[in-house]
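Me: I want to check the labels on this model against their cut-offs. Take me through them one by one.
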Amino acid sequence: MKAPTRNRRPGFSRRAQYGLFASYVVAVTGILVGLGLIVIARVDPQGFGMVWGAALDVTTPISSLERGLVRGVGDAVDGTTNYIAAGSKNAAMARELDADRRALVAARILSLENARLRRMLKLVDNRPAAVAVARIVGSTGVSSRRYATLNAGSNEGVRPGQPVRSAEGLIGHVVEAGMTASRVLLITDNASVVPVRMARGGMPALAAGRGDGSVEIRPLGAGGNPFDRGDIVLTSGTGGLYPPDVPVAVVVRKEGDVAVAWPLANPAQLDYAMVEPAFAGLPPPPAAPPPGKR
Amino acid sequence: MPPPRSSAPPTRAIELRARLVPVLSTLGGSAVALLPTVALAPNWPPFGLLMLLGWRLLRPEMWPAWVGLPLGLADDLLTGQTLGTGMVTWTACLMLADLVEVRLLWRDYVQEWLIAALAIAGAILCAWAIATWTGGAAPLRLVVPQMLTSILCFPIIGRLCALLDRWRLATGKIRASD
């Protein structure tokens with residue numbers, strides 16, 4: 001049992017009573033200020049970019065250091081496990097190698113054919129080089145938003161709005177950039193919508209985050225659910241921001257009109273991420289009046 | 001710094017430690033979010049809030065209600081929630097504890113856990129509502145496990161606070177009000 005506290009109600013001392021009252025006034029004022037900050041965050045999401053950038057710059061080195069430690073321990077455990085399972089793994093790898101050799105030959109034929117067709121069409125691959133290659137050092141497990149932290153910032157040329165991808169697929173786009181660190185809105189966040197198309201058939205769709213690590217694929221065309229389990233969706237490049245033909249997700253099941261897909265680039269496993277320049281630039285908001293209006 | 005090995009009256013250094021330990025441990029709880037994990041869903045308990053509640057329920061007279069403002073702001077910056085979320089919810093939690101304390105003269109372990117559970121559930125729900133309003137949050141069913149783990153974690157955090165409390169006041173009692 002905890003005894004009642006005597007200090008809370010400060011007896012007949014006027015000074016102490018006023019002090020307690022003042023602390024509540026400060027607290028309530030602070031709550032109102034906090035609500036004001038939330039309203040500002042709703043009206044102008046980029047409003048506190050400077051504050052966030054500074055906070056990221058301070059906290060990211062800690063995460064980076066810890067990440068190195070965790071990886072070291074993880075590698076040691078992996079090494080030991082590999083040693084134990086060496087025999088069966090060797091056999092499995094030999095089988096895999098045989099299969100891969102066949103696939104490699106097929107791929108070489110395809111790439112030659114592809115080069116020939118490209119020459120015929122005189123296509124030039126003018127995809128710009130990556131702005132920065134950086135490590136994903138963590139994300140927030142406490143907040144119900146899905147952000148990841150990248151250890152590259154405006155010093156490396158990272159700006160808000162640039163798409164982030166890994167070798168496996170699309171990760172998201174930069175929302176806040178500090179000097180040496182930046183924050184990435186993952187494609188699994190509820191606020192993220194990526195214009196995509198199906199790899200098979202090229203049907204346009206939208207990939208919206210669901211907040212639980214998966215994305216929802218909504219077909220843009222009417223009628224039926226064209227997706228099958230195992231279908232891969234790619235970015236379409238519509239609307240700028242994301243470059244076309246980046247793998248996004250693989251469909252795992254259908255739910256009524258939409259399909260639930262799992263991102264190909266699992267941010268929990270990936271390590272390095274590429275920040276690319278925004279595709280076709282971000283459109284300037286005030287310019288370009290709608291063409292239909294007179 | 002090692003504590004002086006005498007029963008001398010509290011020095012400035014000890015007083016500083018007694019004041020700083022609760023603040024730093026709460027900040028440390030918020031900084032748990034910096035661990036290098038990439039979470040797919042919000043499933044980490046808000047350790048900063050748990051530490052704050054642990055200290056508040058252990059030492060009611062230590063902090064005025066407005067201490068939730070700076071600590072909550074630091075928590076927002078460390079955990080990446082919408083700026084203002086921690087300021088509002090943490091201060092509200094402290095004021096709720098004050099309210100309960102005025103009515104409840106004696107409280108025991110179970111009641112303390114109940115108060116903390118109420119405050120945690122309210123704070124997480126409020127943070128979820130704010131995230132939904134400012135852009136989009138995970139569906140509510142994903143927040144429920146976080147709420148449950150946080151409530152179940154609270155007794156451990158309360159123990160940790162008590163341990164730290166004994167250490168911070170180890171040589172010479174500074175605030176021996178109860």
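Me: What makes residues of α6(B) count as buried, and which ones are they?
Reply: This is a predicted model, where local features need pLDDT of at least 70, side-chain atom pairs count only at pLDDT 80 or more, and totals for chains, interfaces and linings use all residues. Residues are numbered from 1 along each chain as its sequence is written, while chains are lettered from A and ligands numbered from 1 in the order in which they are written. Buried means 20 or more other C-beta atoms within 10 Å of the residue's own; exposed means 12 or fewer; partly exposed is in between; C-beta atoms are placed from the backbone. In α6(B), the buried residues are Val143(B), Gln146(B), Met147(B), Ser150(B), Ile151(B), Phe154(B), Ile157(B), Gly158(B) and Cys161(B). They pack against α2 (47-58) and α5 (109-133) of chain B.

Me: Why is Ile62(A) called partly exposed?
Reply: Ile62(A) has 16 C-beta neighbours inside 10 Å, so it counts as partly exposed. Ile62(A) lies in helix α2 of chain A. Its C-alpha atom is 9.4 Å from that of Val137(A), 75 residues apart along the chain.

Me: Where does α6(B) bend?
Reply: At Phe154(B), by about 40°. The bend is the angle between axes fitted to the seven residues ending there and the seven starting there. A proline, Pro155(B), follows within four residues.

Me: What makes a set of residues a nonpolar core, and how many residues has the largest?
Reply: The set holds buried Ala, Val, Leu, Ile, Met, Phe, Trp, Tyr and Cys residues joined through C-beta atoms within 7 Å. The largest has 98 residues, with the most contacts inside it made by Val184(A), Ala207(A), Val233(A) and Val248(A). α5(B) gives the largest share of this core, 10 residues.

Me: What counts as contact between chain A and chain B, and how many residues are involved?
Reply: Two residues are in contact if their C-beta atoms, placed from the backbone, lie within 7 Å. Here 51 residues of chain A are in contact with 53 residues of chain B. On the chain A side, α1(A) supplies the largest share, 12 residues.

Conventions: Helix = DSSP H or I, 4+ residues; strand = E, 2+ residues; numbered from the N terminus.
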